[in-house]
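Reader: I'd like to work through this fold feature by feature. Could you give me the general idea each time, and then the case at hand?
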Amino acid sequence: MSQLGLLPRRAWTALLSQLLRLPCSSCIQAVRCHSQVAGAVLTSQLKAHQEKPNFIIKTPKGTRDLSPQQMVVREKILDLVVSCFKRHGAMGMDTPAFELKEMLTEKYGEGSGLMYDLKDQGGELLSLRYDLTVPFARYLAMNKVKKMKRYHVGKVWRRESPTIVQGRYREFCQCDFDIAGQFDPMIPDAECLKIMCEILNGLQLGDFLIKVNDRRIVDGMFAVCGVPESKFSTICSSIDKLDKMAWKDVRHEMVAKKGLAPEVADRIGDYVQCHGGVSLVEQMFQDPRLSQNKQALEGLGDLKLLFEYLTLFGIAEKISFDLSLARGLDYYTGVIYEAVLLHTPTQAGAEPLSVGSVAAGGRYDGLVGMFDPKGHKVPCVGLSIGVERIFNIVEQRMKTFGEKVRTTETQVLVATPHKNFLQERLKLIAELWDAGIKAEMLYKNNPKLLTQLHYCESTGIPLVVIVGEQELKEGVVKIRSVASREEVAIKRENLVAEIQKRLSES
């Protein structure tokens, strides 16, 4: 009867009018007839769908699956990153994958147009989270938290044109570290930069540089160059593209598309080509235009203090004051930074892999206040590690040098050379599992010994525990080293201790 729902409304009306004129038995017969017709229509539609020649099984644009081999590499990267966050005292937390749309809008500037909106679900307008920072600020305001050091690993979604070769996706993982609370200037900011250096050194990706600037300096630069205040945000978004576009193209966008006066764009061009160390900070203090702007002077003062702390941390040579760095997100209010690789290991003669920034962040002192009903602010500073881009580099390096990874951590295979020994294998493997030893067995009643040994070699399992008729009779088991093929017999009751000893020595 449910198939009747497939009929168009007009056909339903005609059917009902006919049924009303029929006797009861004829009515039932007519319904059955129409049901059979509807069923035939449904079957033909399904068959036509299954036979579609253009049907392709694929992942959505800007997404990807990760194989077991890739997951091993990814987990190693995440373990290194998270262990660094924990070393600096951060606590883990999580937030929903989607938020109320009103919580996310007007927080990202031009990036707000890249959010994924969800259809109306029970009266709430929702969007997938664009980053992990805005949900964190919402959490602080909602729970009235005034001080917190947290890390968060999770997926975010952005509806932009993906460039898979550069590690840009529509769905990707972010690893964030943030310090929330009122503290003395630049101490938390310096620690964030130290964490970035520790992680990038630990990942051994090659030489890197961290660019720093301050949004107050950027806004001050715009003001003294003659940019109307109403255009600060949109011009900032253009400047943020300088790592991907040449200055002439960025200038064209600002002038032709955003209506900035050509002479104003040229004055900005004079500044954004400047980069250096603490000496450039001192030089900007003397700049005839910039030194007249209060905001810019505040930013320069904080950068000077920041470089003092970075010198004490021993990382000042990795940091560059770069006036082209803008960070297009609207919520930044102070120091901003971005880490780039100076080169990446590639095959001889191949073009270096361009991946853009591999880590970035900054200070956002006003974001929490945007969620608080009374506007109470909680100063925050943080960083985000670009896991997808780093993963692309590591994966390419492994291909270049022919590195292989094990997809499991199994330490022992429980095997037998004889038939009808499934029960003994099950008892042995349960004992190993209960002792915390990573063990496997083949899911067959009577597997061949050669098949079991080949499985160990193909998957990298180092040890085999063998039990057979002779071993059972003597109360022993054999331990075989897969690499050397040496076998030793030990007492059954000493099995766990002997395996743990061997594993600790390997």
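Reader: Let's begin with a helix. Which residues are buried in α12?

Author: A quick note before that: this is a predicted model, where local features need pLDDT of at least 70, side-chain atom pairs count only at pLDDT 80 or more, and totals for chains, interfaces and linings use all residues. Residues are numbered from 1 along each chain as its sequence is written, and side-chain values use heavy atoms, with hydrogens and water left out. Now the terms: buried means under 20% relative accessible area, exposed over 50%, and partly exposed in between, using a 1.4 Å probe and protein chains only. Helices (H or I, at least four residues) and strands (E, at least two) are DSSP runs numbered from the N terminus. In α12, the buried residues are A296, G299, L300, D302, L303, L306, F307 and L310.

Reader: How should I read that spacing?

Author: The general idea is that an α-helix has 3.6 residues a turn, so residues three or four places apart point the same way. Here, looking down the axis of α12, the buried residues fall within an arc of 165°, so they line one face of the helix. That arc is taken from the directions from the helix axis to the C-beta atoms. On the face turned away from the buried side, α12 carries the exposed residues K294 and L312.

Reader: What do the buried residues of α12 pack against?

Author: Their partners are α6 (187-203), β7 (208-214), α7 (215-225), α11 (278-285), β9 (319-322) and β10. Contact here means heavy atoms within 4.5 Å.

Reader: How far does α12 reach from its first C-alpha to its last?

Author: The helix covers residues 294-313, and its 20 residues reach 29 Å, close to the 28 Å expected at 1.5 Å a residue. The expected span is 1.5 Å times one less than the number of residues. At the start of α12, a side-chain oxygen of N293 comes to within 3.1 Å of the backbone nitrogen of Q295. After α12 comes G314, with a positive phi near 80°.

Reader: Which residues have a positive phi although they are not glycine?

Author: As background, most residues other than glycine have a negative phi, and most peptide bonds are trans. Among the exceptions here is M186, with a positive phi of about 70°; M186 sits in the loop between β6 and α6 and counts as buried at 3% relative accessibility. Another is Q204, at about 55°, placed in the loop between α6 and β7. Q204 is exposed, with a relative accessible area of 60%.

Reader: On to sheets. What is the order of the nine strands in the open sheet?

Author: Strands of a sheet pair through backbone hydrogen bonds, either parallel or antiparallel. Two strands count as paired if DSSP finds at least two bridges between them. The nine-strand sheet runs β1-β5-β6-β12-β11-β10-β7-β9-β8, with mixed pairing. β1 (91-92) and β8 (275-276) are at its edges, each with a single partner strand, so one side of each is left without a neighbour in the sheet. Inside the sheet order, β10 (residues 335-341) and β11 (residues 357-363) run antiparallel and are joined by five bridges, with I336 partnered by G362 in β11.

Reader: Which helices lie on these strands?

Author: One of them is α3 (residues 68-87), which packs on the sheet, touching β5 (148-157), β6 (171-180) and β12 (380-386), with its direction at about 10° to that of β6. Another, α14 (residues 387-401), lies across β6, β10, β11 and β12 and runs at about 30° to β12. Axes are lines fitted to C-alpha atoms, for helices over the stretch in contact, and angles run from 0 to 180 degrees between N-to-C directions.

Reader: Is strand β16 largely enclosed or left open?

Author: Five of the six residues of β16 (residues 476-481) are buried, so the strand is largely enclosed by the rest of the structure. β16 pairs with β15 (residues 463-466) in the antiparallel sense over four bridges, and five bridges join β16 to β17 (residues 487-491), also antiparallel. In the hairpin of β16 and β17, five residues lie between the strands, and R485 takes a positive phi near 65°.

Terms used
Polar contact = N/O pair within 3.5 Å; in protein donor to acceptor, adjacent residues only side chain to side chain.
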